[in-house]
Amino acid sequence: GDDPGVSRGKPSPDLFLAAAAKLGAPPEACLVFEDAPNGIEAAKAAGMPCVFVPHSFMLQEGIPLADQPIVKAAGPTQVFPSLEQFRPEDFGLPPLSPAAKP
């Protein structure tokens, strides 16, 4: 990329740390949404909470989402089958407005 603060790709935390610095926010105050294990690893290495929304092709049929090997290996803060299940208040953020809810 074009940012000199990002010399390595995921699973390095460089990208997330550069984004936090540009926002002027400490990493622990940021929230990462990811769809891949390398992104979860990068977010955790940056000290950021992370929400994992894995693609269905990554999942094994018949195993509950929380028990999926890919989810257990990644170790996200939370995991959802869809962003529609995300609740901002679980992270100390204001709830979605009624107009923004699916």
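Here, "buried" stands for under 20% relative accessible area, "exposed" for over 50%, and "partly exposed" for anything in between, using a 1.4 Å probe and protein chains only. What you're looking at is a predicted model, where local features need pLDDT of at least 70, side-chain atom pairs count only at pLDDT 80 or more, and totals for chains, interfaces and linings use all residues. Residues are numbered from 1 along each chain as its sequence is written, and side-chain values use heavy atoms, with hydrogens and water left out.

**View 1. Proline 27 sits in a loop between α1 (14-23) and β1 (32-34).** Helices (H or I, at least four residues) and strands (E, at least two) are DSSP runs, numbered from the N terminus. Proline 27 counts as partly exposed because its relative accessibility is 22%. Skip its neighbours within four places in sequence, and you'll find proline 27 in contact (heavy atoms within 4.5 Å) with Leu17, Ala20, Ala46, Gly47, Met48 and Pro49.

**View 2. Helix α2 (residues 37-46) and its buried residues.** Look for Gly39, Ile40, Ala42, Ala43 and Ala46: these are the buried ones. Seen down the axis of α2, they fall within an arc of 160°, so they line one face of the helix. That arc is taken from the directions from the helix axis to the C-beta atoms. An α-helix has 3.6 residues a turn, so residues three or four places apart point the same way. What do the buried residues of α2 pack against? They pack against α1, β1, β2 (50-52) and α3 (69-74). Just after α2 comes glycine 47, with a positive phi of about 80°.

**View 3. Glutamine 68, in the loop between β2 and α3.** Glutamine 68 is buried, because its relative accessible area is 2%. A polar atom of its side chain lies 2.7 Å from the backbone oxygen of isoleucine 63. Leaving out neighbours within four places in sequence, glutamine 68 is in contact with Leu59, Gln60 and Ile63.

**View 4. Phe33, Phe86 and Phe91 form one aromatic cluster.** Rings of Phe, Tyr and Trp (its six-membered ring) pair if their centres lie within 6.5 Å; planes under 30 degrees apart count as stacked, over 60 as edge-to-face and the rest as tilted. The structure holds two aromatic pairs. One of them, phenylalanine 33 with phenylalanine 86, is edge-to-face: 4.9 Å centre to centre, with 80° between the planes. This pair links distant parts of the chain, 53 residues apart: phenylalanine 33 is in strand β1, and phenylalanine 86 is in the segment after β3 (78-79).

Methods. Polar contact = N/O pair within 3.5 Å; in protein donor to acceptor, adjacent residues only side chain to side chain.
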